[in-house]
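This report describes the arrangement of a protein model and the surroundings of its ligands. The sequence and structure are shown first.

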Amino acid sequence: MTNSTDHAAWLESIVLDFINSSPENNMQNQTNESAFEEPLVGFSRGDDSLYQAYKLHVGSFHWTPHEIFTLSFPDLELRPEELTVISWVLPQTKATRADNRKQSTYPSERWARVRIYGEAVNVKLRKHVVAVLQEEGYQAMAPMLSPHWEWKKSEQFVFASTWSERHAAYASGLGTFGLCDGLITPKGKAMRTGSVVARIKTPPSRRPYTDHREYCLFFTQGICGRCILRCPVGAITEAGHDKLKCRQHLKPTTADYVKSQYGFDGYGCGLCQTGVPCESKIPSKKDMEKYASL
Ligand code: SF4
Ligand code: SF4
């Protein structure tokens with residue numbers, strides 16, 4: 001590896017090869033279907049000022065890349081600018097999205113499988129990226145897998161975690177937030193996201209937006225709100241996302257359903273991520289038209 005641009009292509013290929021080729025990418029159903037389609041990968045610098053801003057917007061407990069990295073490697077002395085956040089988006093498959101679009105209260109089986117077994121793929125991907133970097137001599141860690149990672153009470157958001165994958169993805173140019181709190185990416189909002197922090201120089205990805213809600217039609221054009229209608233428990237309103245209502249639906253309601261109907265311990269919903277114009281793309285006013293009569 002000779003320069004930082006090579007690093008970007010190399011890091012992207014690690015994520016893409018794993019999801020596109022590894023048998024680990026499966027949702028553990030009878031046909032071992034892939035859990036995810038081709039990922040998006042982005043990078044942000046360890047000293048990006050957004051990570052400091054998250055202390056105001058998310059909570060003072062939200063780590064900067066430097067904070068969690070030095071917590072993980074306490075003997076290291078390094079500057080924030082030596083670090084890169086490698087962030088990815090794992091889009092739900094066409095079949096999973098189509099199934100969940102038909103649901104009105106509970107998750108489809110594919111969706112529930114991806115919530116549990118797909119997230120297990122995401123965990124393996126985080127470990128794989130860390131292992132490949134370490135084999136090549138770069139220190140790396142996954143914040144979500146850190147024993148220090150935890151949920152905290154947040155004045156503004158009721159609860160929030162010490163590392164938000166969606167915020168890392170936003171900083172890495174991968175998408176902006178929607179009315180329902182999901183991240184709208186070029187491959188839509190029906191996705192899962194992950195990240196690794198590494199001591200490696202990589203050019204940051206361009207953020208093709210200036211506002212954190214730029215891709216949501218409700219905030220930019222005053223239209224849509226389709227996710228409000230999709231939520232079975234009224235957890236999304238014009239005022240935003242009620243995390244408590246949402247969580248109460250996930251557990252125990254959907255957990256009981258998944259166990260009794262699909263036969264495994266799981267939960268999920270994602271109705272606000274499917275059957276909406278931002279499901280698999282950055283939506284336009286025209287995309288909204290087909291929902292007008294529904
Ligand atoms: S469904 Fe509409 S209002 Fe809701 S996040 Fe997507 S674009 Fe925004
Ligand atoms: S995940 Fe389900 S319960 Fe939560 S906001 Fe979305 S639609 Fe509502």
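This is a predicted model: local features need pLDDT of at least 70, side-chain atom pairs count only at pLDDT 80 or more; totals for chains, interfaces and linings use all residues.

Four strands make up an open sheet in the order 1-2-8-3, and their pairing is antiparallel. Its edges are strand 1 (40-45) and strand 3, each of which pairs on one side only. Strand 3 is joined to strand 8 by 2 bridges in the antiparallel sense, and within this pair Ala 140 stands opposite Ala 198 of strand 8.

## Helices packed on the sheet

Helix 3 packs on this sheet through strand 2, strand 3 and strand 8, and its direction makes about 65° with that of strand 8. Helix 3 spans residues 65-72, and its buried residues are Pro 65, Glu 67, Ile 68 and Phe 69. The cover over these buried residues includes helix 2 (49-57) as well as strand 2 (84-91), strand 3 (140-141) and strand 8 (191-198).

Helix 5 also lies across strand 2, strand 3 and strand 8, and runs at about 20° to strand 8.

## The nonpolar core

The largest nonpolar core comprises 67 residues, of which Val 196, Val 197 and Ala 198 touch the most other members. Helix 5 (residues 109-135) gives the most to this core, contributing 8 residues. In soluble globular proteins, nonpolar side chains tend to be buried together.

Beyond its neighbours within four places in sequence, Val 196 is in contact with Ile 86, Arg 126, Val 129, Val 130, Ala 140, Met 141 and Ala 142.

## A hairpin

Strand 4 and strand 5 form a hairpin, with 3 residues between them. The two strands, residues 151-154 and residues 158-161, run antiparallel and are joined by 4 bridges.

## The ligand shells

Ligand 1 is surrounded by 14 residues, the closest being Gly 178, Cys 216, Cys 224, Cys 227 and Cys 278. By class, this shell has 11 nonpolar, 2 polar and 1 charged residues. Helix 7 (217-221) and helix 8 (226-230) each supply at least two residues of the shell around ligand 1.

Around ligand 2 there are 13 residues, and the closest are Cys 231, Cys 246, Cys 269, Leu 271 and Cys 272. The shell of ligand 2 divides into 9 nonpolar, 3 polar and 1 charged residues.

Key. Residues are numbered from 1 along each chain as its sequence is written. Chains are lettered from A and ligands numbered from 1 in the order in which they are written. A residue is near a molecule or strand if its C-beta atom, placed from the backbone, lies within 6 Å of it. Ala, Val, Leu, Ile, Met, Phe, Trp, Tyr, Cys and Pro count as nonpolar, Asp, Glu, Lys and Arg as charged, and the others, Gly among them, as polar. A residue is buried if 20 or more other C-beta atoms lie within 10 Å of its own, exposed if 12 or fewer, and partly exposed in between; C-beta atoms are placed from the backbone. Two residues are in contact if their C-beta atoms, placed from the backbone, lie within 7 Å. Two strands pair if DSSP finds at least two bridges between them. A nonpolar core is a set of buried Ala, Val, Leu, Ile, Met, Phe, Trp, Tyr and Cys residues joined through C-beta atoms within 7 Å. Axes are lines fitted to C-alpha atoms, for helices over the stretch in contact, and angles run from 0 to 180 degrees between N-to-C directions.
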